[in-house]
Every structure is written in structure tokens, then in C-alpha cells.
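This briefing sets out selected local features of a predicted model. The points below are grouped by topic.

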Amino acid sequence: MAPTALRARRRRSALRTAAFLSPWLTGFAVFFVYPLLSTAYFSLTRYDGFRPPAFNGAANWSYVFTDYPLFWPALRNTLWLVVVMVSCRVVFGLGIGLLVTKVKTGTGLFRTLFYLPYLAPPVAATLAFVFLLNPGTGPVNTLLDGAGLPAPGWFTDAGWSKPALTALALWGVGDLMVIFMAALLDVPKEQYEAAALDGAGAWARFRHISLPNISPIILFAVVTGVIQAMQYYTQPLVAGKAAAGVIGGSGQQFEPGYPDKSTLTLPQLVYNLGFQRFDYGAACVVALVLFALSMGFTALLMRRRGGLTGAGE
């Protein structure tokens, strides 16, 4: 084939491919690239949503990192939730999935009971947990007092608020339970039978058979869990308000983070700066920090995915 004809054929193929990709490319440009570039631009301006944005260089970045007192506590809390809450959810969800797959009778009932909490609305679930863990009148502390055990302050104690949020997240672990259960049931039974004939115990079978087979699902659960933790907004805000006795209403201002900034997260700062203080430039800085952290964690996990795959080798 002549070089001219070959180039023409490749050009037609590229145009045909671009035509098929055009709906996705259009959506990607409109709903991702443009908002990202706009956020980067507004982070370099003084903008309150009413007057035209005025370029002010890195002033917003300097303010957020050096002068805004809520940024570093929110960053520490968000990273704590990413590391601790996501890890606990993955381990707990995998454990529940293993348990349900081993049940011989009443499997459907157990699946339903473990999955139902995930369907509870976040606000209602959080309010219920604040009631249950109320340090003065909650049934959990009443039982702990009756057993002679120390009763924490939970959502009213800065040292226990994040563990209380983690307990709330574990209560709604039904989504991960279903995913892990499906992955475990998909592991070939012949591998378990061969391992049993070789004298492998339960832990050896899990480590060398189950874990390598479900490692892509574990990676998926960790990556999506990190992204969800980076967007963690409703539960800590509602828990802080309820524990502080604040009844939200229109026009009522509430500084998030009760108690002592322990439930403050970066998404709350984005809302606080942008829609309560009308400082859109600083809010865009926090949003870009969230984006960079999410991309960094995801890239790190995807790069180290071989560690899970090789667990059984």
C-alpha cells in the first residue's frame, strides 16, 4: 500500500475513533476539565460570588496554609479517617463476607440483616448513633456503666469522636460485605479442595487462595473507600451539631468541628469558606488540596497493587 493511502487510512480510522469517543470526551471536558481549570483559576483570585474575581496571586494559598486556623486540624482528621476508617471498613467488610459465606442455614436472613444498615439515610443513621452513644442517657454507656466498664464521651469527647464515626461507618458496611461475598463465592472450589488434600488449614487457604483471588476487589474497595473518606461531610457535620445541641435552621451559623475541631473535615471547610464566608478563592484552594490528595492516594494504591496480588506467593 502506498504511503499516502496508508496515511489516509490511518486518518480515517483516527477520525472514526474520535467520533465514537466524542460523547465521553465532551462530558469529560465539560464536567471535569473545565471545573478543574476554573477551580485552579479562582484559587488565584479574590472572589466572593458577587463582584468580579480579582487576581491576587498566591494570597489564598498563603492564607489557607498559614493563617486559616481550621485547615490543619481538618487535614489531620481527614487523613486519620482515610487511614483508620477505610482500613477498618475493608477488614470488617471482608470478615463479614467470609462469615456469611460459611453460614449453612439462614444465609438470606444474615445477608439482609447485615445489608439493611447501609440503606439507612446518613442523617438518620448519624442521629441514631448520637442518641445511642449519648454519654449521659445513651443505652451504650448505660450498659458499660452496668458492667463496670469506663463509659467514653463519644461524640462529646474530642478523643472519641472519630472512633465513634468509625463505629458508624462499620455499622453501614453492608456494601462491602456484598462485594466481598460475591468475590469469595467466585473463587474456584477446586483450589480449596486441592489445598485441603495437601493439609492446608483455614488460614493457609485464605492466605494462599482466597486473598490472591480477591485482591482486585480489595484494591477496588480501598480506592473507593479513600475517595469516599475524602468526601466525608454529612456524618461528621450532623454528629457535631447534634452533640452540641444545635438545631439547624436557615440563617443560623455553626462552626463545624465540635468537639474541639475533632470532627472537622476538608469538605466541611470547602462549604464553610465558600457558602458561609463567601471566600470562594480559599474554598477553591481546599478543593484542589482534596483533589491532589485523592489522586495521590489512588496513584499510590494502584502502583502498589502487586503487593496484594502477590500475597499468596
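**Serine 215 and its surroundings**

- A polar atom of the side chain of serine 215 lies 3.0 Å from the backbone oxygen of proline 212.
- Serine 215 belongs to helix α10, which spans residues 202–230.
- The relative accessibility of serine 215 is 3%, under the 20% limit, and the residue therefore counts as buried.

**Packing of α3 against α8**

- Helix α3 (residues 71–102) and helix α8 (residues 174–185) have axes that come within 8 Å and cross at roughly 55°.
- The two helices, α3 and α8, are therefore oblique to each other, and α3 passes α8 in a right-handed crossing.
- On the α3 side, the contact involves Arg89, Val90, Gly93, Leu94, Ile96, Gly97, Leu98, Val100 and Thr101; these meet Asp175, Leu176, Met177, Phe180, Met181, Leu184 and Leu185 of α8.
- Sorted by class, the contact of α3 with α8 comprises 11 nonpolar, three polar and two charged residues.

**Backbone geometry in the loops**

- Most residues other than glycine have a negative phi, and most peptide bonds are trans.
- Tryptophan 154, in the loop between α6 (139–146) and α7 (161–171), has a positive phi near 50°.
- With a relative accessible area of 12%, tryptophan 154 is buried.
- The peptide bond joining tyrosine 258 and proline 259 is cis, with omega about 0°.
- Proline 259 is located in the loop between α11 (234–244) and α12 (266–276).
- Lysine 261 also lies in the loop between α11 and α12, and its phi is positive, near 65°.
- Lysine 261 counts as partly exposed, at 35% relative accessibility.

Methods
Residues numbered from 1 in each chain as written. Predicted model: local features only at pLDDT ≥ 70, side-chain atom pairs only at ≥ 80, totals over all residues. Heavy atoms only, no water. Axes fitted to C-alpha atoms, helices over the stretch in contact; angles between N-to-C directions. Helix = DSSP H or I, 4+ residues; strand = E, 2+ residues; numbered from the N terminus. Parallel < 35°, antiparallel > 145°, perpendicular 65-115°, else oblique. Left-handed = near helix turned anticlockwise from the far one by under 90°. Contact = heavy atoms within 4.5 Å. Nonpolar A, V, L, I, M, F, W, Y, C, P; charged D, E, K, R; others polar. Buried < 20%, exposed > 50% of the residue type's maximum accessible area, 1.4 Å probe, protein only. Polar contact = N/O pair within 3.5 Å; in protein donor to acceptor, adjacent residues only side chain to side chain.
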